[in-house]
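Q: I would like to learn how to read the features of a protein model one by one. Could we go through the structure together, with the general idea before each case?

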Amino acid sequence: ATTTHHKKATTTHHKKATTTHHKKATTTTKATKKATTKPTTKATTTTTAKPTATPKMGQTAVILNATDYCIFLPPKYGGDIAANEDRAVAFCTKPNLPGAPNAQVLPAGFIKSSHYLVNNQKGYVQITGRIDRSKYGLSPKDGGGQYDLRAPVGSKMNGYNAFVQLTEPDAQIFCIRACMTKADCPVNKSTYGCEKVLGGDYS
């Protein structure tokens with residue numbers, strides 16, 4: 001009687017306890033792995049997908065000398081001069097000119113001639129000359145317009161208190177003056193054209 005009771009109790013208890021406990025423990029481990037893996041994968045994907053900001057086009061021009069300077073033009077190729085008075089941006093003769101952050105570079109051949117003038121007594125500099133409107137897709141029917149501190153909005157001329165620029169695609173000429181005294185940069189004659197407003201050489 002003693003032997004029979006010992007075998008049954010031991011065998012039954014050992015098999016059931018071991019088998020049941022092992023399977024449940026394994027199942028729990030799988031569930032834990034799934035829960036851990038899913039959040040980690042999603043978090044990584046979200047971080048990688050962040051967009052990169054596009055640098056804003058510069059609206060600060062500079063006139064350093066006869067060859068290193070900037071003028072304002074419509075931000076897009078073929079844009080109308082007057083229609084972009086509020087949106088024009090700085091374009092320079094060379095990339096990364098000091099004092100003209102994020103400025104664009106003038107298309108090759110756009111400036112056909114330029115004449116640099118310095119008036120030390122009045123404290124202004126100006127550049128006048130000819131352009132090839134086709135290099136930036138400007139229309140031969142575009143009578144042009146004026147840019148100054150008021151428009152484009154946010155524009156300025158580094159190192160000076162004022163500036164005025166007229167661009168005339170139909171006549172293929174341009175002029176720009178940077179002034180220490182605002183009165184030397186007249187902004188109330190925008191329809192008169194370069195030759196009457198600033199004078200200068202357009203050969």
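Q: Which residues lie on one side of S10 and which on the other, and are they buried or exposed?

A: Before the case itself, please keep in mind that this is a predicted model, in which local features need pLDDT of at least 70, side-chain atom pairs count only at pLDDT 80 or more, and totals for chains, interfaces and linings use all residues. Residues are numbered from 1 along each chain as its sequence is written, and side-chain values use heavy atoms, with hydrogens and water left out. As for the terms, helices (H or I, at least four residues) and strands (E, at least two) are DSSP runs, numbered from the N terminus, while buried means under 20% relative accessible area, exposed over 50%, and partly exposed in between (1.4 Å probe, protein chains only). In S10, Ile173, Cys175, Arg177 and Cys179 are on one side and Phe174, Ile176 and Ala178 on the other, and all are buried, which leaves both faces covered. Counted along the strand, 7 of the 7 residues of S10 are buried.

Q: How do I read the sheet that contains S10, and in what order do its strands stand?

A: Strands of a sheet pair through backbone hydrogen bonds, either parallel or antiparallel. Two strands are said to pair if DSSP finds at least two bridges between them. Here 5 strands form an open sheet in the order S5-S6-S10-S9-S7, with antiparallel pairing. At the edges are strand S5 (111–119) and strand S7 (145–148), each of which pairs on one side only. Neighbouring strands of this sheet are turned by 10° against each other on average, direction ignored (axes are lines fitted to C-alpha atoms, for helices over the stretch in contact, and angles run from 0 to 180 degrees between N-to-C directions).

Q: Which residues stand as bridge partners in S10?

A: S6 and S10 run antiparallel and are joined by 7 bridges, and in that pairing arginine 130 has isoleucine 173 of S10 as its bridge partner. S9 and S10 form a hairpin with 4 residues between them, and glutamine 172 in the turn has a positive phi of about 55°.

Q: How do I read a nonpolar core, and which residues touch the most other members of the largest one?

A: A nonpolar core is a set of buried Ala, Val, Leu, Ile, Met, Phe, Trp, Tyr and Cys residues joined through side-chain atoms within 4.5 Å. The largest has 29 residues, of which Ile63, Cys70, Ile71, Phe72, Leu73, Phe110 and Met157 touch the most other members. At least two residues of this core come from each of S2, S3, strand S6 (124–131) and strand S10 (173–179). A second, separate core of 12 residues includes Ile173, Cys179, Cys194 and Leu198.

Q: How many salt bridges are there, and where do their residues lie?

A: A salt bridge is a side-chain nitrogen of Lys or Arg within 4 Å of a carboxyl oxygen of Asp or Glu. A search of the whole structure finds 2 salt bridges. In one of them, the side chains of aspartate 68 and lysine 94 meet at 2.8 Å, N to O. Aspartate 68 lies in the loop between S1 and S2 and lysine 94 in the loop between S3 and S4, so the pair ties together parts that are 26 residues apart in sequence. Aspartate 68 counts as buried at 13% relative accessibility, whereas lysine 94, at 38%, counts as partly exposed. Arginine 150 and aspartate 148 also meet in a salt bridge through their side chains (3.6 Å, N to O); arginine 150 is exposed at 59% relative accessibility, and aspartate 148 is buried at 6%.
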